[in-house]
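Dear colleague,

I am handing over the structure below, and my notes on helix packing and cavities follow it. Please read them with the coordinates open.

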Amino acid sequence: MSDHARSLFHRPATFWSGCTLILLGVLSHGPMFWMGRHTHWQMVGMPMSWEMWVGMALIPLGLLLAGWGLMPPPPPAGAAGLPLHVADGQRLNRAHLQLVLVLVVTLAVDVMKPATLGFVMPGLGQEYGLPRSRAGLLALFALVGTTVGSVAWGRMADRFGRRAAILLSALMFIGTAICGAMPTFEWNLAMCFLMGASAGGLLPITFTLMAEAVPARHRGWLLVALGGVGTSAGYLLAAGAAAWLEPLFSWRVLWLLGLPTGALIIVLNRFIPESPRFLAATGRLAEARATLRRFAGPQAGALQPDDALHPGPPEIDDERHPVAGLRQLSAGPLARLTGALLVCGIGWGLVNFGFLLWLPSNLRSLGLDAAAASALLARSSVLALPGIALVVWLYQRWSSVRALALFVALTGLVLLLFAALASAGLQSTAATTLATAALLIAVSGVIAMLIPYAAEIYPVHLRGSGSGVVAASSKAGGILGAALAVFGFFDQFVLSAVLLAVPMLGSAVWLWRGGVETTGRTLEDIEQALRA
């Protein structure tokens, strides 16, 4: 085995053996799917073959093997720090650009998977003969999965590494592709939960790795742009696949795409390095030194000779070791900031998965019919597009925490505006269009900054966990929104708008007054500011 292979995987043979088992497990479902060509890809009620049962057993076994192959060695005693600041003053080089491009692809694949739900549900409901309410369980299971996955995979990233968590998440993507061959709705629900778990985990880890690898002066705009470009590309891929492939192979093919898209991330693994900060924090100094030199470039004179990277003062102590518990997110100087971000995330989930979801029907209370409401939302979406550029500029050039607080406050104020328009009975298309566009800009801006900001403010031993918990809070808000919708909460247009404005405005004030500035600062400087 080459030294390069060993630098990428601690147990290469074990990892690739696990990948092979997962691939065989997915491909064993191929004959069942191909049989569906005789029934126009309708597979409901078909008995599951023995090959499928064997394949379903191979997939978790493969995940365990691959995980063991990626698991790093235990950190040595007396881990010492490295001069990580030398990479923060560098220009963007080829290594940075490669990482950015690969992470954009990774995020697009991540977003594509849950984005296909909207295209899958009509065909799935028709094939299984389900009412809309029961078919909607698919989205609920996916949301629960993303919530659980965001926390679990974030924790895994802090224990075993960012790269290991990304690759394992991609392997779960591949494994859940078998959903396209499931003959029963219940199996689809189970696979949808696992799909959500893999997708929910990949999102915060991607931002965590980016935050720890790019220079400080470029970190802010790259993080926000990564979210905007990756999300847009993911939705575009989902829509394109639905338009091109679904008429040929039914809705099932959209699940099967988990195989090639997840495999793409595995193929690109050589361009996904481990975070040098994570390596240094866990005492793997030789690997950290090599990765740091790669990103710092030849211009960093302190990195050229090996002896220039002599161990410095310890960067961590036992209290701050990566095996520390999640309770640290709500303790000490992190408590107030974590509370503000969680309230913001839950509020955003309620607005995005609740208020916005029911907005087309509620616009009728403002005098718009269904066709006019759809046209208004389309115009508002176009008007909202330039808002992403504004978000990037404010986050990078003005202030990260104040830009986030500003858009959170804007979301609350627009909700109050909707309440005022409905209460006054003002049926103005122009006012409603502007309010809708403002809400779309505000909501998009909040989520574009929320997880990147979390990836910046938490210390290295909690960065994956902190980003994951904040990402999970936004999905938890969506679950709560779905539950409230069952009880008709969003039918009360004015009441729901006013009540949802409260957590948004409250968290905006909380962030403005107690948030930590990250713009232009190194991650180590941000950590020191949190302690002050």
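How many cavities of 30 Å³ or more does the structure hold? The structure holds three of them, a cavity being a set of points, on a 1 Å grid over the protein atoms alone, where a 1.4 Å probe fits but cannot get out. Grid points are joined across faces, edges and corners, and a volume is the space filled by probe spheres set on the points.

Two remarks on the source come before the details. This is a predicted model, in which local features need pLDDT of at least 70 and side-chain atom pairs count only at pLDDT 80 or more, while totals for chains, interfaces and linings use all residues. Residues are numbered from 1 along each chain as its sequence is written, and side-chain values use heavy atoms, with hydrogens and water left out.

The second largest cavity has a volume of about 50 Å³, and its lining (residues with an atom within 4 Å of a point) consists of V109, M112, K113, T116, F173, L254, L257, G258 and T261. Two or more of these residues come from each of α5 (94–115) and α14 (258–267), helices here being DSSP runs of H or I with at least four residues, numbered from the N terminus. With three residues, α5 gives the most to this lining. By class the lining has five nonpolar, three polar and one charged residues, where Ala, Val, Leu, Ile, Met, Phe, Trp, Tyr, Cys and Pro count as nonpolar, Asp, Glu, Lys and Arg as charged, and the others, Gly among them, as polar.

Turning to helix packing, helix α9 (residues 162–175) and α10 cross at roughly 155 degrees, and their axes come within 9 Å; axes are lines fitted to C-alpha atoms over the stretch in contact, and angles run from 0 to 180 degrees between N-to-C directions. The two are therefore roughly antiparallel, a term for angles over 145 degrees. Their contact (heavy atoms within 4.5 Å) includes F173 of α9 and L202 of α10, and by class it has ten nonpolar, three polar and two charged residues. F173 also belongs to the lining of the second largest cavity.

Helix α10 (residues 185–213) packs in turn against helix α11 (residues 216–244), at an angle of about 155 degrees and with the axes 10 Å apart, and this pair is therefore roughly antiparallel as well. T206, F207, M210 and A211 of α10 meet R219, L222, L223, L226 and G227 of α11, a contact with six nonpolar, two polar and one charged residues.

Finally, L21 lies in helix α2 (residues 12–27) and, leaving aside neighbours within four places in sequence, is in contact with L58, L61, G62 and L65.

With best wishes

Notes. Parallel < 35°, antiparallel > 145°, perpendicular 65-115°, else oblique. 1 Å grid on protein atoms, 1.4 Å probe; cavity = no way out; pocket = protein on both sides within 12 Å on 5 of 7 lines; lining within 4 Å.
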